[in-house]
Amino acid sequence: MASRQTTHYSVIVPAYRENGNIRPLITRIFAALRRVDSPVPAEQTEVIIVDDNSRDGSAETVQQLQQEGYNVRIIVRTTERGLSSAVVRGFQEAQGDNMLCMDADLQHPPEYVPSMLAAMSPSHTFVLGTRYGKGVEMDKDWPVHRRIISAGARVLALPLTTASDPMSGFFGIRKEAFLKARNLNAGGFKIALDLLIKSQIPPHAIAEVPFSFGVRAEGESKLTGKVMIKYLEQLAELYWYKFSSLLVFLVIFLIVAFFVLVRTWFGSPSLDSQQK
Ligand SMILES: Nc1nc2c(ncn2[C@@H]2O[C@H](COP(=O)(O)OP(=O)(O)O[C@H]3O[C@H](CO)[C@@H](O)[C@H](O)[C@@H]3O)[C@@H](O)[C@H]2O)c(=O)[nH]1
Ligand SMILES: [Mg+2]
């Protein structure tokens, strides 16, 4: 098992009722890291599952995996709920400087973990698993309504970032960039978008890795109508965060321009009229 000093890479997995997926996920991640051509050593990598008190046997599965020698641990939250806040908690607990977030349900292929981790560096502080890159595609079984929602959500985020897939739940961030973010919106599902804006990641610091988005292996999606409303709230907040100074500048500019025009058109009162 890796010691604390040598853990340079952390994989954070938010999980709610994912017991059926945990074993295949962990064994596939470490099998990929143990390949001879892996750019990242398995001994320097930890996996942290952030579970919201699922009570479905996930904790026992993780315990069993630990006994088998896998460097995985589980944080069971009992007072908080939600995907984004679980990811933030995982990043706060991570030992590694290179932190990757991925879903538990195998929609994000574990075989991409080594290259995603290796893509982070002091000059590429953010890595984004994108479903819209060259040569990749969504699984044909991914529902049409989810494709439409995803496309709409992506269009709404266009003014905020140049990243091709800011809705992706498969992404990584360097610790130093994560620590720059203030007032993260920990509600909802779109924590990558929040981090891209609030950690002030410049376009050239984003490494994009195309991947084919699969379908959930076991269990059900937790994305509900409430999550979509939360996304709209998050967008409103991010638009304000990013454009409020521009807006204030524009308003002041328009007020000044208005007074200058009024003075030019109607002129200032002449001395004669003031003396009368
Ligand atoms: N701890 C915790 N984990 C959660 C919660 N809700 C969801 N998760 C975990 O977050 C991961 C993604 O949840 P899904 O329910 O599978 O989401 P999805 O509909 O497949 O959405 C995924 O793809 C979207 C792109 O289409 C992404 O935008 C989204 O972030 C996510 O990655 C899974 O591992 C799930 O267990 C929660 O309340 N708490
Ligand atoms: Mg899923």
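UniProt positions follow the numbering used here, feature names are shortened, and annotations may be inferred rather than shown by experiment. This is a predicted model, in which local features need pLDDT of at least 70, side-chain atom pairs count only at pLDDT 80 or more, and totals for chains, interfaces and linings use all residues. Residues are numbered from 1 along each chain as its sequence is written, chains are lettered from A and ligands numbered from 1 in the order in which they are written, and side-chain values use heavy atoms, with hydrogens and water left out.

Q: Which residues does UniProt list as "transmembrane region", and what is their secondary structure?
A: The unreviewed UniProt entry lists residues 246-266. Over that stretch the chain is 100% helix and 0% strand. Helices here are DSSP runs of H or I with at least four residues, strands are runs of E with at least two, and both are numbered from the N terminus. The end C-alpha atoms of residues 246-266 are 30 Å apart.

Q: What secondary structure does the chain have over residues 10-178?
A: There the chain is 36% helix and 18% strand. The end C-alpha atoms are 13 Å apart. UniProt, in an unreviewed entry, places "domain: Glycosyltransferase 2-like" at these residues.

Q: How is the chain divided into domains?
A: Domain 1 covers 4-240 and domain 2 covers 245-275. The bounds come from an automatic or database domain assignment. The C-alpha centres of the two domains lie 53 Å apart.

Q: Why is Leu-247 called partly exposed?
A: Buried means under 20% relative accessible area, exposed means over 50%, and partly exposed is in between (1.4 Å probe, protein chains only). Leu-247 has 45%, so it is partly exposed. Leu-247 lies in helix α8, residues 225-266.

Q: What makes the nonpolar surface patch?
A: Trp-240, Leu-247, Val-251, Ile-255, Phe-258 and Phe-259 make a patch of about 660 Å². Patch residues have over 30% relative accessible area and no salt bridge; nonpolar side chains (Val, Leu, Ile, Met, Phe, Trp, Tyr) are joined within 5 Å, like charges within 9 Å. Areas come from the Shrake-Rupley method with a 1.4 Å probe, and for residues only the protein chains shown count as cover. Leu-247, at 45%, is over the 30% limit.

Q: Which residues coordinate the magnesium ion (ligand 2)?
A: Asp-105 (OD) and Gln-107 (OE1) do, at 1.9 to 2.0 Å. Donors are N, O and S atoms within 2.8 Å of the metal (3.2 Å for Na, K and Ca). Water is not among the atoms, so sites may look incomplete.

Q: Are Asp-105 and Gln-107 buried or exposed?
A: Asp-105 has 3% relative accessibility, so it counts as buried. Gln-107 has 10%, so it counts as buried too.

Q: How do you know that Glu-68 and Arg-23 form a salt bridge?
A: A salt bridge is a side-chain nitrogen of Lys or Arg within 4 Å of a carboxyl oxygen of Asp or Glu. The closest N and O atoms of Glu-68 and Arg-23 are 2.7 Å apart, so the pair qualifies. The pair links distant parts of the chain, 45 residues apart: Glu-68 in the loop between α2 (58-67) and β3 (72-76), Arg-23 in helix α1. Glu-68 is partly exposed at 40%, and Arg-23 is partly exposed at 32%.

Q: With which residues does Arg-77 form a salt bridge?
A: One partner is Asp-52, the closest N and O atoms being 2.8 Å apart. That pair spans 25 residues, from the loop between β3 and α3 (83-93) to the loop between β2 (45-51) and α2. Glu-80 is another partner, at 3.6 Å.

Q: Which residues are linked in a network of salt bridges?
A: Glu-18, Asp-105, Arg-216 and Lys-222 are. The structure holds 15 salt bridges.
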